Amino acid sequence: MRERDEPEVLAPGGGWHSDRRPDRVYSSQQAKEIIAEMRENAKDPQTADVVALQRVARLRVSEATMIPGEDLDVEECKVRVVKGTKGGRFRTVHVDEGHADFLARLKRRAEGHRDGHVLQGRGCRGQSLASRTNGSVRHACERLGIECYGTHGFRKTWAQEQYRRSREERLDDCESRQELARGLGHNRREVTYSYVLRR
């Protein structure tokens, strides 16, 4: 049985499974290449925006697919995460200001949709958007010759970058992991060992 705070990802076949290995992560360059490849060639171009949201706002795939436009604060560069969260825990995520244009584009798209959501076709009729996104990531990795770590690998990319930034700011390992846990929407510092190797 999966523990409450254990990371979860879509398996290649579409089912949920745990991924506790911090070495199953895309480098910053690989993440950039995968997203670019998905924008260019994915059957559903929305899937590139799902993983881009995961990448810049450290969202779970279930959270990224459910974001309504009203929860994107472009001026403050914040994303309010309400739907699809683990345990129903709401949180507000701060996004680097360099991604303000991306958030603005998503908000404009949501304004053009009747339901106010950024992404369409989210439900389980046929294949869910989360499952389609996982498939798009897999195909992009195959085309690029990159080992595929599913959608959760993008959250881990953010986590490892954030941990490095914290250490560069002279925070110790314990402080860096506590900050990282909060940023990922977890309560326990121990969960970060699934994202960043023990030092």
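Guide: Of the 199 residues in the protein chain, 51% are buried, in what is a predicted model. The accessible surface of the chain comes to about 10300 Å², and carbon and sulfur atoms account for 45% of that surface. The secondary structure consists of seven helices and five strands, and from the N terminus on the elements follow the order β-β-α-α-α-β-β-β-α-α-α-α.

The structure holds two aromatic pairs. In one of them, the ring centres of Y26 and Y149 are 5.5 Å apart and the ring planes stand at 40 degrees, so the pair is classed as tilted; a pair would count as stacked under 30 degrees and as edge-to-face over 60.

Because Y26 lies in the loop between β2 and α1 whereas F154 lies in helix α6, the pair ties together parts that are 128 residues apart in sequence. F154 is buried, as is Y26, and Y26, Y149 and F154 form one aromatic cluster. An aromatic ring is also involved in a contact of another kind, in which R198 lies over the face of Y193, at 3.8 Å from the ring centre.

For the surroundings, one may turn to the sheet. Three strands form an open sheet in the order β3-β4-β5, with antiparallel pairing. The strands β3 (72-73) and β5 stand at the edges and have a single partner strand each, so one side of each is left without a neighbour in the sheet. Between β3 and strand β4 (residues 78-81) the antiparallel pairing runs over two bridges, and L72 stands opposite V79 in β4.

With a relative accessibility of 13%, R91 counts as buried, because the cut-off for buried is under 20%. The side chain of R91 makes a polar contact of 2.8 Å with the side chain of E63. Leaving aside residues up to four places away in sequence, R91 touches a set of residues that includes V79, R80 and V81 as well as R155 and G183.

A contrasting case is E111, which lies in helix α4 (residues 100-111). With a relative accessible area of 62%, E111 is exposed, because the cut-off for exposed is over 50%. E111 and P68 are 43 residues apart in sequence, and their C-alpha atoms are 9.3 Å apart in space.

Key. Residues numbered from 1 in each chain as written. Predicted model: local features only at pLDDT ≥ 70, side-chain atom pairs only at ≥ 80, totals over all residues. Heavy atoms only, no water. Helix = DSSP H or I, 4+ residues; strand = E, 2+ residues; numbered from the N terminus. Buried < 20%, exposed > 50% of the residue type's maximum accessible area, 1.4 Å probe, protein only. Polar contact = N/O pair within 3.5 Å; in protein donor to acceptor, adjacent residues only side chain to side chain. Contact = heavy atoms within 4.5 Å. Areas by Shrake-Rupley, 256 points an atom, 1.4 Å probe, with all protein chains shown as cover. Phe/Tyr/Trp six-rings, centres within 6.5 Å; stacked < 30°, edge-to-face > 60°. Lys NZ or Arg CZ within 6 Å of the ring centre and 35° of its normal. Pairing = 2+ DSSP bridges.
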